[in-house]
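I opened my notebook on this protein with charged side chains in mind. These are the entries, in the order I made them.

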Amino acid sequence: IRCLGGKFESIDLSILPNLERLQISDGAIQSIDITGHPKLQEVNLYSTPIEGALDLSDLQDLTTIRIRENYNLTSLDISNCPQVKEITADNNEKLTSLSTANCANLESLYCAGNGMSSLDISYCPKMEFIMPNDNNALKTLNIAGTGQVMWYFYDYQLISITISEADYARANFPGWGIYDPSVYQYPASQSGWQYPQYIIVP
């Protein structure tokens, strides 16, 4: 289904249980429910006033996600989507929370230009590239089980970062302290890098 422009503020997708592709752009749609569409493969939302949270979790056939310039979107859940390899979720200026947790084949995430304070990309073992530029509000980051991307976050004012014990032991983080499972760590800023206040190792 393609909705390009238009003045309607909501759309009922429940009559399309076999929906495979959804594209909405430059319209007036403020609310949408995408749950209950197990065959959905592609979602493109561009420049819409969709408000609040958007749930794309547990869509087993979903492969393509582009969520761009949706200026009232505040939360995006793309967790447990095993087929998705690439996600674009950028320039959603009110987006504060994004989760791609447990996306087993996710390789890249482009999420620049949002207002995120929380990002969960845990247990995405194939993740190789992430671009979170211009998310200077980022405070909490969960990269447990996603060790390949932890180097991209040194320039944010993180309060806490969650990593797996194996990743912590393997990485070379000067100033982050010695891992102690009974306490949080209190690393210091070194050489201009801002380290997180807490390291959490579940």
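**Charged pairs**

I looked up Glu20 and found that it is partly exposed, at 35% relative accessibility. The term covers what lies between buried (under 20% relative accessible area) and exposed (over 50%), using a 1.4 Å probe and protein chains only. The model is predicted, so I noted its limits: local features need pLDDT of at least 70, side-chain atom pairs count only at pLDDT 80 or more, and totals for chains, interfaces and linings use all residues. Residues are numbered from 1 along each chain as its sequence is written, and side-chain values use heavy atoms, with hydrogens and water left out.

Which residue does the side chain of Glu20 meet in a salt bridge? I found Arg21, at 3.7 Å from N to O. For a salt bridge I require a side-chain nitrogen of Lys or Arg within 4 Å of a carboxyl oxygen of Asp or Glu. Arg21 is partly exposed, at 45% relative accessibility.

I then checked Arg21 against Glu42. They form a salt bridge too, with the closest N and O atoms 3.7 Å apart. Arg21 sits in strand β3 and Glu42 in strand β5, so this pair ties together parts that are 21 residues apart in sequence. I took strands (E, at least two residues) and helices (H or I, at least four) as DSSP runs, numbered from the N terminus. Glu42 is partly exposed, at 23% relative accessibility.

Next I turned to Arg68 and Asp90. Their side chains meet in a salt bridge at 2.7 Å, N to O. Arg68 belongs to strand β7 and Asp90 to strand β9, so the pair ties together parts that are 22 residues apart in sequence. Is Asp90 buried or exposed? I read 1% relative accessibility, so Asp90 counts as buried. Arg68 is partly exposed, with a relative accessible area of 34%.

The structure holds three salt bridges.

**Nonpolar core**

I moved on to the largest nonpolar core, which has 43 residues. Such a core is a set of buried Ala, Val, Leu, Ile, Met, Phe, Trp, Tyr and Cys residues joined through side-chain atoms within 4.5 Å. Ile34, Leu56 and Ile67 have the most contacts inside it. At least two core residues each come from β3 (21–25), β5 (42–46), β7 (64–68), β8 (73–77) and β9 (86–90). In soluble globular proteins, nonpolar side chains tend to be buried together.

What does Ile34 touch, not counting residues up to four places away in sequence? My list reads Leu13, Leu22, Leu40, Val43, Leu54, Asp55, Leu56 and Leu59. I count a contact when heavy atoms are within 4.5 Å.

**Ala137**

I found Ala137 in the loop between β13 (129–131) and β14 (140–142). Ala137 is partly exposed, at 34% relative accessibility. Its C-alpha atom is 6.1 Å from that of Gly115, 22 residues apart along the chain. Ala137 touches Gly115, Met116 and Ser117, leaving out residues up to four places away in sequence.

**Whole chain**

The protein has one helix and 16 strands. Buried residues make up 44% of its 202 residues.
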